[in-house]
Amino acid sequence: MGSLLRLLWLTNLAMAQLESSSVEIITITGTTASLSGGEAPAATVPSDFEGSAIATSTLTSAISGTSSLNTTASSAQSEATYTRLVGGTRSSSVLSGNATATTSIAAPPVNTQPCNNYPELCNRKYSNITEVCAHNSPFVRQRNVASNQELTVTQQLDDGVRMLQGQAHYVNGTLYFCHTSCDLLNSGTVEDYLRTVTEWVAAHPFDVITILFGNYNWQDKDSDGNPLVTSRNFAKSIEASGLLPYIYQPPNTAMKLDDWPTLGELIISGKRVITFIDYNFNTKEVPYLLWEFYNMWETPFSPTSDNFTCEIQRPDGLAENRSREMMYMANHNLNVQISLAGLNLLIPNTAELNQTNGVNGSGSLGEMSTTCTDMWGRPPNFLLVDYYNYGSPMNGSVFEVAARANNVTYNRECCGKAASSGLNLQTPSSTYLALVVAMAAAAIL
């Protein structure tokens with residue numbers, strides 16, 4: 001029976017790679033929606049929302065109530081040499097009576113230490129930088145069609161990814177990173193994943209990263225009718241992983257572009273991780289886990305067409321003047337849709353990855369970045385992609401696109417290791433399709 005289901009799965013996958021015009025999809029939070037009616041659960045904000053102030057004297061555990069100042073975390077000493085990111089001394093003259101005393105000292109140093117891989121970014125606001133986002137970063141499984149990435153989160157960060165996104169499922173009181181169903185792809189607990197991220201953050205003191213948590217169980221209620229899974233559940237995993245001491249707590253729940261600090265300021269403070277959640281936020285109990293849609297908006301998500309557009313999809317109700325004061329994310333992952341055992345699933349269109357993640361050409365990430373920049377007068381803050389290590393004209397082209405948006409020069413090597421044979425970048429041929437269908441039919445008979 002298991003073999004039969006696998007053959008049926010392959011049949012559906014082959015069909016999906018050849019025909020990707022279906023309109024029923026599974027969104028980032030696992031719900032079914034229509035492409036014509038909006039691809040994601042409703043998220044509505046008042047057009048004139050302002051958020052509320054957050055006390056920032058200490059960052060307090062939402063679980064234990066203790067200050068993070070008393071929390072210890074392991075860290076690795078960087079071997080890189082560097083100059084000061086900000087500050088420096090100045091020459092001055094003091095007039096006293098008939099004499100002038102002058103102190104002459106060297107000019108302030110010029111920074112040579114990269115922040116997020118580029119010295120030019122150190123003095124830029126967090127909200128004035130374009131970074132690559134690994135869509136469903138934890139979903140790394142060889143030969144599993146539900147995967148969205150090929151390389152581990154450590155390698156993703158080493159290669160230059162600076163935003164991590166993942167869909168979390170609440171199972172028997174524990175959060176797991178799973179794709180649509182934990183039976184389909186289970187990448188382990190959120191806590192274990194974040195522990196790995198914490199180790200990387202501790203070892204890279206000049207890097208700022210962003211984490212966006214997807215709450216799959218956003219609709220579920222407890223026995224009293226209250227949301228079952230909220231920021232508080234994620235806080236348990238965050239704090240148990242050791243990540244809390246590195247998290248930046250903004251002064252406001254809804255940050256405008258000019259409100260954010262520079263990368264250099266975040267680095268000097270040691271608070272180099274910014275966290276967001278898409279649904280069921282509770283900044284009263286967990287102030288450091290911000291609601292995504294008070295702070296950024298998104299372009300249409302999970303398209304099955306390579307006509308990537310730059311209008312606002314989420315949240316609803318956002319006034320245009322306010323949208324221009326917020327960060328935004330360009331969703332640029334091309335999918336095909338398959339149906340199996342009553343499930344409608346979106347999986348990456350691996351046949352088109354090189355073009356989708358490319359610098360130039362129709363349907364490319366570079367084209368979308370340019371289109372959005374022209375439309376909104378500034379580049380996207382985050383470029384969400386699948387299998388970031390593929391692209392054209394070279395692997396790492398997604399980082400080239402981000403570098404161009406940031407007006408810096410990309411000169412790094414990518415990505416981690418050679419692309420493995422576990423990912424098939426070819427569209428199944430009609431011969432292959434016929435063979436799979438025939439095998440499935442034979443198994444049924």
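**A close look at Phe399**

Tutor: Start with Phe399. Beyond its neighbours within four places in sequence, Phe399 is in contact (heavy atoms within 4.5 Å) with Val132, Asp159, Gly160, Val161, Tyr388, Tyr410, Cys414 and Cys415. This is a predicted model, where local features need pLDDT of at least 70, side-chain atom pairs count only at pLDDT 80 or more, and totals for chains, interfaces and linings use all residues. Residues are numbered from 1 along each chain as its sequence is written, and side-chain values use heavy atoms, leaving out hydrogens and water.

Now the core. A nonpolar core is a set of buried Ala, Val, Leu, Ile, Met, Phe, Trp, Tyr and Cys residues joined through side-chain atoms within 4.5 Å. Buried means under 20% relative accessible area, exposed over 50%, partly exposed in between (1.4 Å probe, protein chains only). The largest such core has 96 residues, and Tyr126, Phe213, Trp260, Phe276, Tyr388 and Phe399 touch the most other members. Helix H3 (residues 190-203) gives this core its largest share, seven residues. Helices here are DSSP runs (H or I, at least four residues), numbered from the N terminus.

Next, Leu365. It lies in helix H9 (residues 365-376). Leu365 counts as buried because its relative accessible area is 0%. Gly391 is 26 residues from Leu365 in sequence, and 9.3 Å away in space, C-alpha to C-alpha.

Technical notes
Helix = DSSP H or I, 4+ residues; strand = E, 2+ residues; numbered from the N terminus.
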